[in-house]
Structures are given as structure tokens and as C-alpha cells.
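Dear colleague,

Please find below the structure that I am handing over to you. My findings follow after it.

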Protein chains: 2
Amino acid sequence: MTQVSDIARRAKAASQILKTLSGKCRADALDRMAGKLLACREEVFAANAEDLAAAPDLSEAFKKRLAVTDKIFDYMLNRLREAAALPDPVGRILEGRTMPSGLEVRRIAVPIGVIAMIYEARPNVTTDAAAVALKSGNAVILKGGSESIRTNRVLARAMRSAAAEAGLPEDVIQLIDSTDHAAVSELLKQEKSIDLVIPRGGKSLIRAIAEGTRIPVLKHYDGICHQYIARDAPTEMAVKLVVNSKCQRVEVCNALETLLVDAEAAARVLPAVAEALTQKGVELRGCGETKKFLPGCVPATEEDWDTEYLAPILSVRIVRGIDEAMAHIAQHGSGHTDGIITNSLDLAERFIAGVDSASVLVNASTRLSGGGDYGMGAVVGISTDRLHARGPVGPAELCTYKWVAIGSGQLRA
Amino acid sequence: MTQVSDIARRAKAASQILKTLSGKCRADALDRMAGKLLACREEVFAANAEDLAAAPDLSEAFKKRLAVTDKIFDYMLNRLREAAALPDPVGRILEGRTMPSGLEVRRIAVPIGVIAMIYEARPNVTTDAAAVALKSGNAVILKGGSESIRTNRVLARAMRSAAAEAGLPEDVIQLIDSTDHAAVSELLKQEKSIDLVIPRGGKSLIRAIAEGTRIPVLKHYDGICHQYIARDAPTEMAVKLVVNSKCQRVEVCNALETLLVDAEAAARVLPAVAEALTQKGVELRGCGETKKFLPGCVPATEEDWDTEYLAPILSVRIVRGIDEAMAHIAQHGSGHTDGIITNSLDLAERFIAGVDSASVLVNASTRLSGGGDYGMGAVVGISTDRLHARGPVGPAELCTYKWVAIGSGQLRA
């Protein structure tokens with residue numbers, strides 16, 4: 001396992017050089033990475049086909065995540081190019097002032113250093129993570145799911161070669177080329193070289209990683225996301241928002257899991273919402289009150305309110321007013337993304353102030369809580385941590401800062 | 001030990017209410033806290049005298065930290081009043097944009113929640129921590145050194161009563177009224193109620209706390225601070241800055257510990273610097289080269305470069321150029337505060353870009369790296385972590401943020 005510690009040391013050394021290179025140079029590397037990937041497109045597809053063939057017993061959902069389709073390949077290229085085009089997050093002056101003493105004080109964004117990404121067998125995360133890390137001047141160590149190892153090898157080789165052509169040390173991107181789980185344990189011991197670990201995957205995996213390392217971990221836990229249909233919510237908008245929040249993609253963290261319907265809106269809105277969802281094949285699990293409006297729905301148990309289905313299932317609860325809605329979200333939500341559907345400014349403001357989630361939405365699909373729709377470009381995930389980065393994690397969130405103070409001999413009195 | 005979990009639960013409940021109160025209300029509470037403390041001034045001094053009398057065997061340095069003098073009492077009041085007068089850090093719009101879809105996206109500063117401070121027997125930290133936490137809308141649990149328990153009881157009672165008068169739940173400030181060390185272990189288990197632990201004290205204590213809890217810990221490790229006298233450094237300014245950095249207060253984290261002198265400046269500057277330091281009673285420990293200029297100095301060992309003396313001792317090393325200076329800082333520094341003394345814009349810019357420390361100074365005393373001199377008001381300490389908060393930790397650093405997105409029915413395509 002000396003290999004993993006070598007990788008970490010090389011990443012640290014590469015990150016020191018990377019810190020001295022310009023944003024233009026990093027953007028050029030990202031553009032070249034897209035170009036290089038395009039040039040070895042057939043190699044990527046061939047390796048991916050081998051990965052898929054090597055694991056015939058995987059579930060369809062698993063294979064879907066592992067497969068690099070034309071669409072996903074284009075998406076990967078675009079994310080690299082988009083990252084190249086984004087403004088440089090490094091060197092931003094975050095605040096500054098001249099003190100009465102004449103001391104000029106400023107807080108400046110700088111790279112974190114070395115970031116280790118531990119993630120599922122999803123090849124697009126390999127390129128996304130490299131794009132976001134490099135954009136923000138960080139070296140990255142990639143450990144993707146073992147089932148994607150052949151695809152990741154091709155992707156990493158192409159990106160490293162492009163980085164070198166742009167004048168970056170190629171070790172700014174490194175792949176842990178091992179399917180041995182001990183490699184992860186070894187990675188988590190490299191606290192002298194690695195500044196941040198970002199694990200993605202199941203809750204238990206993330207928890208095990210967070211508790212098994214001295215390196216700071218940016219956690220991406222589950223999304224038990226809510227929409228609250230307020231008493232005045234327009235029926236048509238409510239139907240569209242709930243359907244999109246739930247159905248646009250069911251297996252992701254910002255998909256809707258629980259619908260809260262104000263008792264005063266239920267008779268008007270709920271039947272229409274339920275009909276649209278049922279047409280989309282969504283199973284509804286309702287509270288006792290819900291049964292009055294939707295006699296055919298499955299009864300919800302207490303467990304349903306705490307469940308991230310990641311499936312075409314939606315729990316539905318009737319609430320008496322916004323306070324009950326917010327209390328439900330506080331008790332059962334995961335602080336990821338929660339929305340209100342209303343035309344009342346008063347209700348909107350109360351919801352924004354009262355719901356303590358990474359994303360609080362008014363009249364918008366929960367599926368919009370993410371880097372692209374917030375204008376952040378490529379992201380490595382959506383943090384459910386409260387500290388450092390909360391919500392989508394893009395290039396700016398992979399920066400830290402330093403204070404620079406310029407004086408002319410100022411002393412402490 | 002149910003007591004500690006009760007305290008944590010009550011803090012959580014109080015923090016939920018505190019989040020809904022205005023900045024004006026919090027500022028009013030801080031002002032009243034100063035007023036209340038002033039009203040029970042004699043009680044504070046009496047309790048502090050009891051604390052001092054109860055521990056006659058403490059070192060002079062320990063007693064100095066424990067003692068509430070007139071000057072320290074005034075300082076405590078001022079810090080509360082200054083915090084009251086600072087702009088409200090909660091609700092700041094940190095960034096915002098309207099997306100092409102019409103979605104209005106903004107990132108807003110919000111309180112972290114519940115903060116536990118674990119610190120030495122220094123009564124002024126009790127009021128400082130309460131001031132910074134409350135200013136940023138957080139509930140705070142205070143666990144000061146056992147030797148200060150009587151003083152802290154009076155301080156906490158006064159601050160709680162003032163908070164209640166201002167309409168805040170009094171449990172926004174709570175003291176762990178126990179000298180039992182098990183109380184700390186119990187506190188570190190309250191991950192459901194406590195959002196952040198800030199330990200202050202020795203390195204081994206902080207490390208033990210960080211490794212013994214699932215709660216995020218903001219670490220305040222040591223400051224091995226450097227000044228680099230560049231080849232062109234003006235002699236007089238260099239003497240004044242080095243003396244102030246080292247001698248203004250020797251026992252604090254931003255005091256100077258190692259002086260790096262460019263070989264080209266040594267003959268001109270080093271004798272004058274050494275004379276001024278020797279007059280102040282500072283022991284110099286020099287490298288082999290240093291001995292050529294200061295034949296009487298103590299020889300430095302390798303260990304000296306990695307030592308935070310917190311005492312009137314300074315290690316001195318001659319370096320050949322700025323790169324050697326920066327390499328020394330990278331290898332031996334603690335990333336706290338490092339400065340350069342120069343009139344060269346080129347050298348200043350290279351030093352700022354190349355030194356990766358929380359504070360990088362040009363022609364300023366290391367003692368200026370702190371909340372007051374950076375215009376941040378009261379702070380709870382100086383973080384040596386890279387994530388979330390780096391350098392001085394004031395009210396803005398005790399905030400997190402949430403994303404708010406306001407739409408009119410926007411869906412994900």
C-alpha cells in the first residue's frame with residue numbers, strides 16, 4: 001500500500017506547483033482535457049463496454065449509472081468546457097478594508113490543496129470532479145467505484161496527458177487504480193497530504209469514511225425533500241411543480257419525497273396533483289387526512305416521513321398551516337432542499353426565514369437545487385454539511401482563503 | 001450526566017427561537033449584557049478573588065490569565081458593546097443572480113446553530129465567546145477551565161438575565177457548571193444538538209477533542225510565526241517590527257517565534273535587531289551562519305525551528321533569498337501568521353503568493369493578525385484550520401449560509 005501514500009505525496013507536490021500557475025493556464029488545461037477526451041472517444045466507449053461486460057449481474061439502475069452513452073459523453077465534455085469558461089474562483093478578493101492604522105487588509109480566495117473524491121461507479125463524476133478541482137487550483141485524487149475502473153483509467157490518462165500539455169504537473173489528477181477496498185483505508189490515512197475528502201454514495205459508506213479519518217470530510221447525505229402546497233397555491237402551478245420535483249428523475253438527492261398539503265388547499269389541489277402523479281406511475285402514501293381526499297392511497301407509516309425513496313413513491317401529509325408544515329420539515333427533513341408553493345409574499349417570507357435547509361425554494365422544482373440551475377457550473381455534489389460548503393459544491397466552494405495585510409511598519413500598541 | 005444532554009437540548013431549542021429574532025434584538029441583548037455586568041462588577045471581582053484564592057499553587061502566568069483586573073473588566077464590557085455595534089452578520093446576501101430561467105438565486109448568511117466553547121481558565125473568553133456567538137445568532141454552551149468556575153458563574157448569570165430582559169431565551173447562553181472532566185466527554189457526545197465545537201488550549205487537548213467527537217471542530221492550533229527580513233528591508237523598520245512581533249506579548253499564538261534574515265541584509269540589520277531584542281530580555285538561538293554575526297547567541301537545534309516558545313526566546317536563521325525563506329516557512333511554519341519586511345513590490349507579491357498561511361503580512365507586526373486589527377471586532381480565536389474559517393474567527397465566521405431560490409413555476413427540463 002505504499003502506492004497510495006506515494007500518490008498522496010505526489011498530489012501534494014503537484015498542488016504546490018499548481019498554486020503558482022495562473023487561472024488562464026488552468027482554463028487552458030480544462031479545454032485541452034475536453035479535446036483529449038474527444039480524441040479518445042472510441043477508447044472510452046470500448047473501456048466502458050468492457051466494464052459493463054465484466055459485471056453482467058448488476059442491476060439495471062447500476063448499469064445505467066455506469067454506462068457512458070453518447071449523451072453522457074457529450075455532457076462530460078461540456079462540463080469540462082463550461083468549467084474552463086467560468087470566471088477564476090482563485091484570487092477573488094472576498095472582502096477588504098483599510099484600517100485607521102493604514103493597514104490594508106484583504107481576504108483572498110486560495111485553493112484548498114489536495115482533494116480526494118471517493119465515489120460510485122459513475123464515470124461522469126471522474127471528469128466533473130477533475131473539472132471542479134482543477135478550476136479551483138486543487139490537485140485531485142480520484143477513487144471511483146471498482147466496476148468503472150477501465151473507463152476511469154482511460155479518462156484519467158487522457159486528462160493527465162492534457163494537463164501536462166498545458167504545462168501543469170500531470171499529478172494534479174491521479175486515479176487510485178485499484179479495486180482493493182484497502183486502498184480507501186490507506187487513502188484516509190494520508191492526512192499529511194490530503195486536505196479534504198469528498199465521499200459520495202450511501203449514507204453508511206459516508207458515515208464510515210467520516211468516522212474513519214482525521215482528514216476533514218465534506219458530507220453528501222440524503223435528500224428528504226419537501227414541497228409545501230400553501231392554502232393559496234395555484235392549482236396548475238402546484239401540479240406542474242410537484243410532478244417535476246418528483247418525476248423528472250426519481251433516483252437523485254433533490255427529488256421530492258414528501259408532499260405537505262395545507263388543509264385549506266387539499267380539496268382543491270390534491271385530487272389534481274394525485275391524478276397527475278398516478279398517471280406518471282407514482283405510488284402515493286398518505287396520512288389519515290389524505291385518505292379523505294384520496295381514498296385509494298396507501299396509508300403512510302411514521303417511517304415514511306423519514307424515508308428517502310429514490311423511487312416513484314411519494315408520501316403525502318395534510319398540515320394545518322405553515323407552522324405545522326415547517327415543524328414537519330424540521331423534524332423529518334434532511335436539510336437538503338425544501339420548497340413552498342404560494343403567491344403570498346407573507347407566507348413565502350415566513351417559509352424562507354423559518355426553514356433551515358441548504359436550499360429553500362419558492363415556486364420552483366426541487367430538481368433545480370444544483371450547480372447548473374444556480375449558475376455555478378460544474379459541481380461535485382450537494383453538501384448536507386452546515387460548515388464550509390452547504391448545498392451545491394462548485395469551484396468557489398473548493399477554495400479556502402487567506403488574509404493578506406499590507407502595512408508600512410504598523411505595530412501593536 | 002443527564003444534565004449536559006439537557007443543556008444541549010435546551011441550547012438547540014433556544015437557538016431555534018434565536019434564529020427568528022432580529023439583529024436589533026440581538027444587539028440590544030449584547031448592550032444589556034454589558035450593562036448587567038457593570039451592575040454586578042463587585043460580585044465579579046469577589047468571585048474572581050475566590051477563584052484565585054482557591055488555587056494558590058498556580059503559576060504566575062496561569063493566575064495572570066485567570067485574574068479579572070480593572071483593565072480586563074473594562075475590556076470585557078467594551079467587547080460586548082463593540083459586538084452590539086457591529087453590522088449584523090446574519091441575513092447578509094453573500095451572492096445572488098437572476099438566472100436566464102427567471103429563477104432568482106441568492107446565498108444568505110444564517111447562524112450555524114449551537115456552538116460549544118471549551119477553553120482555559122480565562123474569564124474574558126466567557127464574555128467574548130458569548131458576544132461573538134450571540135452577534136451571529138448562535139446559542140452558546142460555555143465550558144471554561146475549572147479554576148474560573150466561580151467567576152464564570154457570575155458572568156453567565158448576568159449575561160443570561162440580560163438576554164432574557166432583551167426578549168431572548170436565556171438558554172442562548174449556558175454554562176457547564178461542573179469541574180468534572182466527564183462533563184466535557186458528555187458534551188462531545190451531543191451531536192444531535194451541537195453544531196460546532198471550538199476548543200482552545202494546548203495542542204494535545206485540541207487534538208483529543210477533535211478525535212473524540214462526531215461534531216465538527218474548529219481547531220486553534222499553535223502559531224509558529226515568522227518574519228522574513230528581505231535583502232532590502234529598512235533597518236529601523238525591521239528592528240521595530242521584530243521587537244513588536246516578539247515582545248509585545250510573548251505568550252500568545254501570533255507572537256514571533258522564528259526570524260529569517262536574508263544573507264544580504266544580515267550584516268546591516270541583524271546586529272541592530274539583536275541588540276534591541278537582547279535589551280528586552282529575549283534569548284536568541286541562531287543557526288551556524290547567525291553565529292558569524294552574533295557570536296554570543298545560543299546555537300539553534302533542528303527542534304528550535306518547530307517550536308512555539310510562547311516565551312522570550314527567538315530562533316534566528318540566515319537564508320539565501322526569498323525562496324529559501326518561503327521553503328523554511330512551508331516546512332516549519334504552522335500556517336498561522338508569517339510576514340515579510342521589504343520595500344520591494346516584487347518580493348512582497350512573491351511572498352504573498354507563495355506563503356500559504358492564514359495571515360500573510362507585509363511590513364506589519366505579527367501581533368496585528370487578529371480580529372481587532374483586521375476590523376472584525378470581537379473574535380473567539382484564530383483558526384488554523386483550512387476549511388470554513390481560517391484566521392480570526394468573528395461573527396461572520398460563525399455563520400453558515402443557505403441558498404434561497406425564488407421562482408414562478410420553474411421546472412427542470
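Predicted model: local features only at pLDDT ≥ 70, side-chain atom pairs only at ≥ 80, totals over all residues.

Confidence in the model

For chain A the mean pLDDT is 95, and 100% of its residues reach 70 or more. For the complex, the predictor gives an ipTM of 0.94 and a pTM of 0.94.

The contact between the chains

Chain A contributes 52 residues to the contact, and chain B contributes 53 residues. On the side of chain A that touches chain B, the elements giving two or more residues are two helices besides H10 and strands as follows:

- helix H10 (235–247) and helix H15 (345–354) of chain A;
- strand E2 (104–111), strand E13 (359–364) and strand E16 (399–410) of chain A.

The largest share of this side, eleven residues, comes from E16(A).

How are the two copies related? Chain A is superposed on chain B by a rotation of 180° with 0.0 Å of shift along the axis, and the RMSD is 0.0 Å. The two copies are therefore related as by a two-fold rotation axis. Among the residues of chain A, A:His388 comes closest to that axis, its C-alpha lying at 1.9 Å. The same surface serves both copies, in that 100% of the contact residues of chain A recur in chain B.

A:Lys63 is located in helix H4 of chain A, which covers residues 60–66. Is A:Lys63 buried, exposed or partly exposed? A residue counts as buried with 20 or more other C-beta atoms within 10 Å, and as exposed with 12 or fewer. A:Lys63 has 15 other C-beta atoms within 10 Å and is therefore partly exposed. Leaving aside residues up to four places away in sequence, A:Lys63 touches A:Leu52 and A:Leu58. The C-alpha atoms of A:Lys63 and A:Asp306 are separated by 28 Å, and these two residues are 243 residues apart along the chain.

Yours sincerely

Conventions: Residues numbered from 1 in each chain as written. Chains lettered and ligands numbered in written order. Contact = placed C-beta atoms within 7 Å. Helix = DSSP H or I, 4+ residues; strand = E, 2+ residues; numbered from the N terminus. Least-squares fit on C-alpha atoms with pLDDT ≥ 70 in both. pLDDT = per-residue confidence, 0-100.
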